[in-house]
Amino acid sequence: MRTSNPTLSSDTFTGFNTYEQNQQMTVNGTVNKTIISLGIVSISAYFSWDVLFFSPYSTIFLIAAPILGFLVALATIFKKEWSPATVPVYCILEGLFLGLISGFFELMYPGIVFQAVVATFGVLLSLLLAYKSKLIRATENFKLGVVAATGGIALVYIASIILGFFGISIPLIFGSGPGGILFSVFVVIIAALNLVLDFDFIEQGERYGAPKYMEWYGAFGLMVTLIWLYLEILKLLSKLRSRD
């Protein structure tokens with residue numbers, strides 16, 4: 001059970017005792033929790049976009065929301081039984097951040113946020129259909145490839161953060177040239193393929209008889225991937241628009 005999503009590690013669904021059937025995690029239950037989580041993110045993002053963006057405190061929220069969201073995410077990862085309480089809080093914080101960052105992109109490139117949202121959900125539905133129809137199978141080699149690629153991307157981003165302290169930027173990440181665009185396309189593809197691993201992992205959670213609260217944790221894992229995918233699509237579209 002391997003996945004490159006850090007919230008869904010190989011031992012996420014192991015070590016549980018046997019639970020009664022009505023107390024076990026199900027795929028349908030996880031889908032419902034994911035829909036609720038998406039709703040919370042959407043409402044929070046809309047509030048941030050419509051109210052906070054033009055307030056004098058927008059910069060504070062832009063910095064504080066992702067930091068607090070990261071801390072809540074860590075709490076969720078290490079205390080999975082807290083998921084029913086921590087996941088909604090995580091969604092609120094990430095929604096605040098997404099609303100603000102999306103507002104800045106929209107100011108620079110009108111219409112880009114709608115395009116990014118449509119593309120994100122289009123990718124989600126396409127990958128879900130491909131997974132359910134067995135067009136894409138989460139084989140061990142497939143998982144190893146996605147894990148390796150995701151790890152490589154993470155190293156590039158970490159290196160970018162470290163070099164940023166010395167005033168050095170990596171053109172692949174921020175540049176709008178052919179290399180920068182190809183890199184963003186590659187990252188979007190890998191982020192999308194992580195959804196396949198997450199779908200497979202949640203199905204395994206049902207088969208392993210994980211407790212009911214793990215539905216919230218499964219939804220949390222999907223939200224982490226979807227938020228990453230949306231941000232990468234937003235970045236890719238901005239690079240394309242900047243060349244017009």
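Author: Let's begin with burial: a residue counts as buried under 20% relative accessible area, as exposed over 50%, and as partly exposed in between (1.4 Å probe, protein chains only). Please keep in mind that this is a predicted model, in which local features need pLDDT of at least 70 and side-chain atom pairs count only at pLDDT 80 or more, while totals for chains, interfaces and linings use all residues. Residues are numbered from 1 along each chain as its sequence is written, and side-chain values use heavy atoms, with hydrogens and water left out.

Reader: Thanks! Is E206 buried, exposed or partly exposed?

Author: E206 is partly exposed, because its relative accessibility is 35%. This residue belongs to helix α7; helices here are DSSP runs of H or I with at least four residues, strands are runs of E with at least two, and both are numbered from the N terminus.

Reader: Which residues does E206 contact, beyond its neighbours within four places in sequence?

Author: Contact means heavy atoms within 4.5 Å. With those neighbours set aside, E206 touches M25, T26 and V27. There is also a pair to look at across the sequence: E206 and Q24 are 182 residues apart along the chain, yet 7.3 Å separates their C-alpha atoms.

Reader: Now to helix packing. How should I describe two helices that pack?

Author: The general idea is that two packed helices are described by the angle between their axes and the distance between the axes. Here the axes are lines fitted to C-alpha atoms, for helices over the stretch in contact, and the angles run from 0 to 180 degrees between N-to-C directions.

Reader: What are the angle and the axis distance for α1 and α8?

Author: Helix α1 (residues 27-50) packs against helix α8 (residues 214-242) at about 50°, and their axes are 8 Å apart. Angles under 35 degrees are called roughly parallel, over 145 roughly antiparallel, 65 to 115 roughly perpendicular, and the rest oblique. The two helices α1 and α8 are therefore oblique to each other.

Reader: Is the crossing of α1 and α8 left-handed or right-handed?

Author: A crossing is left-handed if the near helix is turned anticlockwise from the far one by less than a right angle, and right-handed if clockwise. For α1 and α8 the crossing is right-handed. On the α1 side, the contact residues are G29, T30, K33, T34, I36, S37, L38 and V41, and they meet E215, W216, G218, A219, L222, M223 and L226 of α8. Sorted by class, this contact has eight nonpolar, five polar and two charged residues. In this sorting, Ala, Val, Leu, Ile, Met, Phe, Trp, Tyr, Cys and Pro are nonpolar, Asp, Glu, Lys and Arg are charged, and the others, Gly among them, are polar.

Reader: Where does α3 lie relative to α1?

Author: Helix α3 (residues 83-108) and α1 have axes that come within 7 Å and cross at roughly 45°. The pair α1 and α3 is therefore oblique, and α1 passes α3 in a right-handed crossing. From α1 the contact takes S37, I40, V41, S44, A45, F47, S48 and W49, and from α3 it takes V87, P88, C91, I92, G95, L96, L98, G99, L100, S102, G103 and E106. Those residues divide into 12 nonpolar, seven polar and one charged.

Reader: What about charges? How many salt bridges are there?

Author: Side chains of opposite charge can pair when their charged atoms come close. We call it a salt bridge when a side-chain nitrogen of Lys or Arg is within 4 Å of a carboxyl oxygen of Asp or Glu. The structure holds six of them. One is between K33 and E215, at 2.8 Å from N to O. K33 lies in α1 and E215 in α8, so this pair ties together parts that are 182 residues apart in sequence. K33 is buried at 17% relative accessible area, and E215 is buried at 0%.

Reader: Which side chain meets E215 at 3.0 Å, N to O?

Author: That is K212, in another salt bridge. K212 is partly exposed, with a relative accessible area of 37%. Through shared partners, salt bridges join K33, K212 and E215 into one network.

Reader: Which side chain pairs with K132?

Author: E203 does, with a salt bridge of 3.3 Å, N to O. E203 is in helix α7 (residues 178-207) and K132 in helix α4 (residues 112-132), so the pair ties together parts that are 71 residues apart in sequence. E203 is buried, at 18% relative accessible area.

Reader: And which residues are in contact with L127, leaving aside its neighbours within four places in sequence?

Author: They are I136, A192, V196 and F199. L127 is found in α4 and counts as buried at 12% relative accessibility. From L127 to F199 the C-alpha distance is 9.4 Å, across 72 residues of sequence.
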